[in-house]
Amino acid sequence: MDPTTSPLEEQNSLRLKFMGGFLVIVIVISFLGDLTVLLVSLNRHALKIHGFLVVIIQHLAVCDMITSLFTFVPIAIHFTNEGEWHVSEAVCFISAFFGTATSILPAMLIGLMATSKVILVRYPTSRCIRSLNRKTAHVICMVLWVTSVISPVLSTILEPQSSHVSPETLMCDFQYSSQIWDYVLPLFFLLFFVIPNMILVISTAFLVVHLVKARSLARRVGSKERWQGIVTATSTAIVHIAACTPFYVCWFFHIVASRRFAIPDDVYRFTLVLYSFDLVCNIFVYNFTVPSFRKFLQGWLAHFKLSIVSHQIEAERQTVDNIK
């Protein structure tokens, strides 16, 4: 311990390093987990739920991987270096751009997942169900991707080189210093957060009610795919709402109402920790709610373990042969 460092500064340093270490673990688990989900979902027998939902899961996995790399890696480096990492303007801009886009996109993707599952459950024999295929899902998801970059693109146009490191969360973000943001940000918050999450809450509530009322019927008719899809969509929505809402609310009030009151840094960083859980939970949600995914993953891991054991046995045989 540096004798010139006060106990309070030392405590703050340890806390920042702990946060950095925690985020490194989150990044590794999240990236590997989402990569696993993406690779497994490419096998049509791994996720035995509606193809429309599978495509949304794939886009959500890609979104979370981008968030891990471009948002949480710079944050983890900042925390580990006690906020002293001097990130270049280019790196900070890339982090702010993708971080803003991928913070908007998940609510829309999960809302699409829940809403589409409501349609599949409510109108199982309707003609419109035929249009809910993988191709349509990709098209809609790409439209949502384009929609998610409206805010960072507008930030780049209105305020070039305005990205900076936020002192509250040590994450790269846009400054939103122009007066036009006083009117645009509330509109964006309404369009990209409030409305998607309201749709998400309503759709999830409908699915939960249906899940309770139709459990025996779903089992009796053998509609296992529909059952899995309901649980998966509901669980994903609940985790997202619980983990991300505090962070989004704190971010909005910090940007829009920072002149009226200040949010303590510890509160902001606590919401960041909650936000990180949303990245980690996906593979566990799918593992618990989709038996076909769990079975496929177990077989995959068993095959990988068998390959390692076989390689070790072969290496030992070669060693024995060399000795002889």
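Let's start at Ser 68, which is found in helix α2 (residues 51–80); helices here are DSSP runs of H or I with at least four residues, strands are E runs of at least two, and both are numbered from the N terminus. At 1% relative accessibility, Ser 68 counts as buried, where buried means under 20% relative accessible area, exposed over 50%, and partly exposed in between, using a 1.4 Å probe and protein chains only. Leaving aside residues up to four places away in sequence, Ser 68 touches Ile 27, Ser 30, Phe 31, Val 73 and Leu 279; a contact means heavy atoms within 4.5 Å.

This is a predicted model, in which local features need pLDDT of at least 70 and side-chain atom pairs count only at pLDDT 80 or more, while totals for chains, interfaces and linings use all residues. Residues are numbered from 1 along each chain as its sequence is written, and side-chain values use heavy atoms, with hydrogens and water left out.

**The overall picture**

- The protein's secondary structure comes to 11 helices and two strands.
- Along the sequence these elements follow the pattern α-α-α-α-α-β-β-α-α-α-α-α-α.
- Of the protein's 324 residues, 45% count as buried.
- Among contacts between residues at least 6 apart in sequence, 80% join residues at least 24 apart.
- The protein exposes about 17,500 Å², and carbon and sulfur atoms supply 67% of that area; accessible areas come from the Shrake-Rupley method with a 1.4 Å probe, and for residues only the protein chains shown count as cover.

**Helix α3 and its partners**

- Two packed helices are described by the angle between their axes and the distance between the axes.
- The axes of helix α3 (residues 89–122) and helix α4 (residues 134–148) come within 9 Å and cross at roughly 150°; axes are lines fitted to C-alpha atoms, for helices over the stretch in contact, and angles run from 0 to 180 degrees between N-to-C directions.
- That crossing makes α3 roughly antiparallel to α4, given that angles under 35 degrees count as roughly parallel, over 145 as roughly antiparallel, 65 to 115 as roughly perpendicular and the rest as oblique.
- α3 passes α4 in a right-handed crossing; a crossing is left-handed if the near helix is turned anticlockwise from the far one by less than a right angle, and right-handed if clockwise.
- On the α3 side, the contact with α4 includes Ala 101, Ile 104 and Leu 105, and on the α4 side it includes Ile 140, Cys 141 and Trp 145.
- α3 also packs with helix α6 (residues 181–213), at an angle of about 35° and with the axes 8 Å apart.
- The crossing of α3 and α6 is left-handed.
- Where α3 meets α6, the α3 residues include Ala 107, Gly 111 and Ala 114, and the α6 residues include Phe 192, Pro 196 and Leu 200.
- Gly 99 is found in helix α3 and is buried, with a relative accessible area of 11%.
- Gly 99 and Pro 152 are 53 residues apart in sequence, and their C-alpha atoms are 8.9 Å apart in space.

**Aromatic pairs**

- The structure holds 13 aromatic pairs; rings of Phe, Tyr and Trp (its six-membered ring) pair if their centres lie within 6.5 Å, with planes under 30 degrees apart counted as stacked, over 60 as edge-to-face and the rest as tilted.
- Phe 247 and Tyr 275 are stacked, because their ring centres are 5.0 Å apart and their planes lie at 10°.
- This pair links distant parts of the chain, with Phe 247 in helix α8 (residues 224–256) and Tyr 275 in helix α9 (residues 265–280), 28 residues apart.
- Phe 247 is buried at a relative accessible area of 4%, and Tyr 275 is buried at 5%.
- Phe 72, Phe 189, Phe 193, Phe 247, Tyr 248 and Tyr 275 form one aromatic cluster.

**Other places to look**

- Phe 277 sits in helix α9 and, at 40% relative accessibility, counts as partly exposed.
- The C-alpha atoms of Phe 277 and Ser 30 are separated by 8.8 Å, although the two residues are 247 apart along the chain.
- Helix α10 (residues 282–289) has six of its eight residues buried, so it is largely enclosed by the rest of the structure.
- Among the buried residues of α10 are Asn 282, Ile 283 and Tyr 286.
- Cys 172 lies in strand β2 (residues 172–174) and is buried, with a relative accessible area of 5%.
- Cys 172 and Val 91 are 81 residues apart in sequence and 8.8 Å apart in space, C-alpha to C-alpha.
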